[in-house]
Amino acid sequence: MKSGKKVLMYAGIFAVLFIIYYAFGHPFFNGNRLTMFVCVMALSVTILYYIARANGGAKIYLRTIPGLKAFDEAVGRATEMGKSVLYVPGIMDMDQVETVAGVIILGHVAKMTASYETNLNVPVSRSIVMEASREIVKESYMSVGRPDLFNDDMVHYLTDEQFAYAAGVDGIMLREKPAACFYQGKFYAESLILAETGNSIGAIQIAGTASPSQIPFFVTACDYTLIGEEFLTASAYLSQKPALLGSVKGQDMGKFIVMIAIVLIFILNGFHDLGWIDIDFQELLRVQ
Amino acid sequence: MYTTEIIGAWFAVFLTLAIFSFLYKDNPFYKAAEHLFVGVSAGYWASTFFWTQIQPNLFGRLWPKLTEEPSGIKAAWYGIYDFFGWFHEGIFPGGGIDKGHELNLFYLIPFLLGIFMLLRLSRKLGWLARWSMAYVVGLAAGLRLYGFLNSNILAQVRGSALSLFDGWGTAINSIIIIVGTLTGLFYFFFSKEHTGVFGKISRVGIWFLMVSFGAAFGFAVMGRISLLIGRFYDLIQFSGSQYYHATYWLLALIVIILGFQAFRERGRSTEEA
């Protein structure tokens, strides 16, 4: 049996068992969170199904994202100019999804800098991010056979304080004049300060964040910006690993289901307003 | 007016003007302020973390204040505490830490994970730090899944239950929100090529996104202007006679020194040419 179908079969068995368990009074289960439970399970099964299919050899298409294509160009430019690459993985800790994504993308950038023998500078603002970044950069340099080019100081701590960190990174930019600046992670008000300084030194800048309030600043001051989910899919795009590509496809399907739900709720709510049906959708979807 | 307050005002003015001097170019004043800011804040954060998290929330739960004389295993446990207290009584005061917590040995897990992080300094045991990192990342992923599903998916779907029959204005607003949400979601489809009808719909989504980014940009710039006004307010206040005209004196000093430096650099570059 194909692995995708296997996932569906197990999910079906689990669903039947759960329905029986629920029908018999569902002890130890918080009934108020049924909607959330169904959503988590549906999304997980969708993603697992496509991961299994991708691992089984099914071809998954991923559209071109200009910002990601520019990664290679940016590192190549820095190499040609004999200057360094600056990578900022945001200002938050590893408990933020964006920081995790930023550190994973750092691994890909580090592979490029190792291959091109270009200097990489990664100032960080959290101790755990520093450790994780060092690990991933070291691994990247080893994977392309250049452990001799790696040193711990490539990834260095500045400070936890938001604007002190921004001032420190600005100072690095002005003194080292990197040819390429990457801002990939979770950012707050320091985003424009960093991007403006990078712009003033003429560096090619690629930003990526899922913080909606900071995207406009990056769009204004950077050459390329990965907005929202584009940034979170970057690792799948850069690595082309089947499991990651499968998860992107699964998330797309999740979005499609959400879109259908939005249209349905919008129409049915209209019927509710007209008094044709008696279901309060606001209450139905409320999770406690 | 106290002398310390006046000195503080002069420092505040100097550091503000030093940071503002970045608008001219990188210069010794900016460098001084930057290094001071980075260094002081790093030290401040380390100290704050220790005294607001590690000491009260971790040690305070492992060795809370004793209400009676301990015996057996508990006495041995507090023996370890007394040993630590021998090194630093401020961190480990006699009889336990009084922060209103009960003894909770589950906190040995974060204590151990913290020690693993410190073992990064050891070449042989550095690999243990990966356990701590894996714990943080894994825990965050699990916790965030629930939060994101609730706020980004269910709340969004719930929010689409918009009214169509509360007048024309409301109906148009509702339709714009629904069209914006759906076309925006179309743009974030990655496994399908954005061509034909799909491409046109996703382009509408980009317009919606750009309009929202523009609005967010304007809003944030207004916030920044209010921060700038705050700094100017302080500079104006410190230019008064009770602060011995700190702003005027320091502004003049910085301008003269930067002007002199620029003049020298210009002379040097002319000589080199």
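How many residues of chain B are in contact with chain A, and how many residues of chain A do they meet? In this predicted model, 46 residues of chain B are in contact with 54 residues of chain A.

Let us look at the chain B side of this interface. Helix 2 (28–62), helix 5 (129–159), helix 6 (168–187) and helix 7 (196–237) of chain B are the elements that each give two or more residues to the side touching chain A. Helix 5 of chain B provides the largest share, with 14 residues. Sorted by class, the side of chain B that touches chain A holds 29 nonpolar, eight polar and nine charged residues.

Now to chain A and its strand 2, residues 120–124. This strand is mostly covered, with five of its five residues buried. In a regular strand, side chains alternate between the two faces of the sheet. Both faces of strand 2 of chain A are covered: A:Leu120, A:Val122 and A:Val124 are buried on one side, and A:Asn121 and A:Pro123 are buried on the other.

Here are the pairings of strand 2 of chain A:

| Partner strand in chain A | Sense | Bridges |
|---|---|---|
| Strand 1 (residues 85–88) | parallel | two bridges |
| Strand 3 (residues 155–157) | parallel | three bridges |

The chain crosses from strand 1 of chain A to strand 2 of chain A through helix 4 (residues 97–116) of chain A, in a right-handed β-α-β crossover.

Towards strand 3 of chain A, A:Pro123 stands opposite A:His156. Helix 5 (residues 127–143) of chain A carries the chain from strand 2 of chain A to strand 3 of chain A, and this β-α-β crossover is right-handed.

Conventions. Residues numbered from 1 in each chain as written. Chains lettered and ligands numbered in written order. Predicted model: local features only at pLDDT ≥ 70, side-chain atom pairs only at ≥ 80, totals over all residues. Contact = placed C-beta atoms within 7 Å. Helix = DSSP H or I, 4+ residues; strand = E, 2+ residues; numbered from the N terminus. Nonpolar A, V, L, I, M, F, W, Y, C, P; charged D, E, K, R; others polar. Buried ≥ 20, exposed ≤ 12 C-beta atoms within 10 Å, placed from the backbone. Pairing = 2+ DSSP bridges. Right-handed = clockwise from strand over helix to strand, strands pointing away.
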